[in-house]
Amino acid sequence: MRHGQRVAGARRGRIAAAIVRRRMLELRRLRRESPGGEARAMPREAPPAAAQRRNRGAGQRRSPSRGDISAFDIAMVERALRLARRAAAEGEVPVAAVVYRDGVMLGEAYNRREGVPDPLGHAELLALRAAGERLGHWRLAGCSIAVTLEPCTMCAGALVNARVARLIYGAADIKSGACESLYAIPEDHRLNHRLTVVRGVFARESAALLGRFFAARRAAAAKRGRPAEPGGDRGPIAEA
């Protein structure tokens, strides 16, 4: 009986050694095939954030490419930046949007949540409404929209529902962006409409404008001896 146990133990040892050797060979193969020579770990359960990124609708993230846009597109983004600066001067979060089609500007707006006040007063929604009124129809087929900041879930959903054809935006919004950072609503294949998305156009300028605005807001709040009101990049302005 003891002899049989020794034989069984030896057999288990050989099997375990063979598994280890196969594992090492697999790691070497992956190291040779992977870019940069780094071995890729075997698949395992991903954390929630990674799972969200992997499940992003169509799953087609595109890098910023100036080849995807025209000179008129660039002019519309520059127009949106000028509007965003006007918003900052009026105490609004400096985000702006311009809707256009076939070289004609149809609607433009900047954030107006504070001045109106309007909980839905994001630049994208206001610009879409203006374009719809000018065209006389809610369906904005063939239209493009240039935005200084990545749209949130509310605005990204509105772009899909309005049947906008193209979205061009500047800075990414890592806290609430719904076009790449957290979700990819405009490119989600489960929806009945998808947009072409061009990212990162004048991103540095847009991010710098937002950074200066919120730095000034924090400084003003500190001077008054109270913290700035929370709410992220799209949040309300702290008032005295």
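## Basis of the description

The model is predicted, and local features therefore need pLDDT of at least 70, side-chain atom pairs count only at pLDDT 80 or more, and totals for chains, interfaces and linings use all residues. Residues are numbered from 1 along each chain as its sequence is written, and side-chain values use heavy atoms, with hydrogens and water left out.

## Salt bridges

Five salt bridges are present in the structure, where a salt bridge is a side-chain nitrogen of Lys or Arg within 4 Å of a carboxyl oxygen of Asp or Glu. One of them joins R79 to E108, with the closest N and O atoms 2.7 Å apart. This pair links distant parts of the chain, since R79 belongs to helix α3 (residues 71-89) and E108 to strand β2 (residues 104-110), 29 residues apart; helices (H or I, at least four residues) and strands (E, at least two) are DSSP runs, numbered from the N terminus. For burial, the classes are buried (under 20% relative accessible area), exposed (over 50%) and partly exposed in between, with a 1.4 Å probe and protein chains only. R79 counts as partly exposed at 22% relative accessibility, and E108 also counts as partly exposed, at 27%.

A further salt bridge is formed by E180 and R199, whose closest N and O atoms are 3.6 Å apart. Here E180 lies in the loop between β4 (166-171) and β5 (196-198), while R199 lies in the loop between β5 and α6 (203-223), so that the pair links distant parts of the chain, 19 residues apart. R199 also forms a salt bridge with E187, in which the closest N and O atoms are 2.5 Å apart. That pair again links distant parts of the chain, with R199 in the loop between β5 and α6 and E187 in the loop between β4 and β5, twelve residues apart. R199 is buried, with a relative accessible area of 3%, and E187 counts as buried at 11% relative accessibility. Through shared partners, the salt bridges join E180, E187 and R199 into one network, and E180 is buried as well.

## The largest pocket

The largest pocket holds about 180 Å³ of space. On a 1 Å grid over the protein atoms alone, a pocket is an open set of points where a 1.4 Å probe fits, with protein on both sides within 12 Å along at least five of seven lines, and lining residues have an atom within 4 Å of a point. Grid points are joined across faces, edges and corners, and the volume is the space filled by probe spheres set on the points.

The lining consists of L120, L125, L128, R129, G132, H137, W138, L140, A158 and A162, and helix α4 (residues 123-135) gives the most to it, with four residues. By class, the lining has seven nonpolar, two polar and one charged residues, where Ala, Val, Leu, Ile, Met, Phe, Trp, Tyr, Cys and Pro count as nonpolar, Asp, Glu, Lys and Arg as charged, and the others, Gly among them, as polar.

## Helix α5

In helix α5 (residues 153-161), the buried residues are C155, A156, G157, A158, L159 and V160. Their cover includes α4, β3 (144-149) and β4, contact meaning heavy atoms within 4.5 Å. After α5 comes R163, which has a positive phi, near 65°.

## Aromatic pairs

Rings of Phe, Tyr and Trp (its six-membered ring) pair if their centres lie within 6.5 Å, and planes under 30 degrees apart count as stacked, over 60 as edge-to-face and the rest as tilted. By this rule there are two aromatic pairs. The rings of F72 and Y100 are edge-to-face, because their planes stand at 70°, with the centres 5.4 Å apart. As F72 lies in helix α3 and Y100 in strand β1 (residues 96-101), this pair ties together parts that are 28 residues apart in sequence. F72 counts as partly exposed at 29% relative accessibility, whereas Y100 counts as buried at 3%.

The rings of F213 and F214 have their centres 5.2 Å apart and their planes at 85°, and so this pair is edge-to-face too. F213 is buried, with a relative accessible area of 12%, and F214 is buried with 7%.

## Surroundings of I69

I69 sits in the loop between α2 (48-54) and α3 and is buried, with a relative accessible area of 13%. Leaving aside residues up to four places away in sequence, I69 touches I74, R166, I168, V198 and V201. The C-alpha atoms of I69 and V198 are separated by 8.0 Å, although the two residues are 129 residues apart along the chain.
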